[in-house]
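Hi everyone, thanks for coming.

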Amino acid sequence: MSSDYLIAPSPEDTQTFADSSVRLIDMIFPGDTNHHGTLFGGVALAHMDKVAFLTATRHGRAPFVTARSERIDFTAPGFSGEMVEVHGTLTRVGNSSLDVEVNVIAEELVSGERRNLTRGLFTMVARKGPDTRLPLPPMPAPAPEPGEDEPLRMVEMVFPTSTNHHGNLFGGDAMKMMGKAAFIAATRHCREIVVMASSDRIDFTSPIREGSMIELVSRIRMTGRSSMLVEVELWAEELLSGLRSHAATARYTMVAVDKDGRPKHFAPTGA
């Protein structure tokens, strides 16, 4: 995605965000599993460390590194085709370090069955430098749990391998994330096998820079007899400043199908 055709965000498309809670949601694909079809422990640990880093940085707005993790015991396997939800919560804040508890939950998307895979405690330390303000902000009030009617929110990180020579996120990688968010939201809504039938035009309104956090916000706007209209907003957040920019919005038509690929019918609802 080249920066020459991107439109600068308008003031109403930017905001700062104070909440430090982070929820990463991803699918377990065959490339993430061993020959038994269960999630590699290293993939789960990578998700956990990423969430600990994002939680720490969103709170302290400083460059953090991982100093230590406690023993991590896996209590249940995650299987190919399931969703994995990784949630980070601050448990301690000191002058220059903090602790993040990270929980990993697997969810069978069609049945809705959820089980705890593992948990761990990560100690993160803010590196001293011009971008680091110490002491760190005090512990925040606990964030409320999202309600059933709340949109699905999931985060990701923009690494150099996903950017072009300008340091901006590739448009294809952004569309892949948005399509995945639409799939998860639609499947969780109807608890059926779903496939993408179409996507509307997507206009990218601001660049997404390397090192930014991405938040995808998915809402079910309408359901028909066998299809759903899913709207996905894409926000980019500068982790050190907290500045958020609306980068894109897309609408997808998702269709519920049976195992033979034929559309299934359910009660329609309006947005």
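**A walk through the chain**

Of the 271 residues in this chain, 46% are buried, where buried means under 20% relative accessible area, exposed means over 50%, and partly exposed lies in between (1.4 Å probe, protein chains only). Please keep in mind that this is a predicted model, in which local features need pLDDT of at least 70 and side-chain atom pairs count only at pLDDT 80 or more, while totals for chains, interfaces and linings use all residues. Residues are numbered from 1 along each chain as its sequence is written, and side-chain values use heavy atoms, with hydrogens and water left out.

How confident is the predictor? pLDDT is its confidence in each residue, from 0 to 100; the chain has a mean of 89, and 89% of its residues reach 70 or more. The stretch to treat with care is residues 1-12, where pLDDT stays under 50. The model does have 22 contacts beyond four places in sequence for that stretch, a contact being heavy atoms within 4.5 Å. Where pLDDT is low, the predicted coordinates should not be read in detail.

Now for the fold. There are two helices and eleven strands, taken as DSSP runs numbered from the N terminus (helices H or I, at least four residues; strands E, at least two). Along the sequence, the pattern reads β-β-α-β-β-β-β-β-α-β-β-β-β. Among contacts with a separation of 6 or more, 75% are between residues 24 or more positions apart.

Let's take the helices in turn. Helix 1 has 20 residues and reaches 28 Å from its first C-alpha to its last, close to the 28 Å expected at 1.5 Å a residue; that expected span is 1.5 Å times one less than the number of residues. Helix 2 also has 20 residues, and reaches 29 Å between its end C-alphas, close to the 28 Å expected. Its buried residues include Gly171, Ala174, Met177, Met178 and Cys190.

Which residue takes a positive phi just after helix 1? That is arginine 61, with phi of about 50°, in the loop between helix 1 and strand 3 (64-69). Arginine 61 is buried, with a relative accessible area of 16%. At 28% relative accessibility, arginine 191 counts as partly exposed.

One more backbone detail: a cis peptide bond joins leucine 134 and proline 135, with omega about 0°. Proline 135 is in the loop between strand 6 (114-126) and strand 7.

Of its 21 lining residues, the closest to the centre are Asp26, Glu156, Lys176, Met177 and Lys180. The elements giving two or more residues to the lining are strand 2 (22-27), helix 1 (41-60), strand 7 (152-157) and helix 2 (171-190). Helix 2 gives the most, with four residues. By class, the lining has eleven nonpolar, three polar and seven charged residues (nonpolar: Ala, Val, Leu, Ile, Met, Phe, Trp, Tyr, Cys and Pro; charged: Asp, Glu, Lys and Arg; polar: the others, Gly among them).

For the terms: on a 1 Å grid over the protein atoms alone, a pocket is an open set of points where a 1.4 Å probe fits, with protein on both sides within 12 Å along at least five of seven lines, and lining residues have an atom within 4 Å of a point.

Conventions
pLDDT = per-residue confidence, 0-100.
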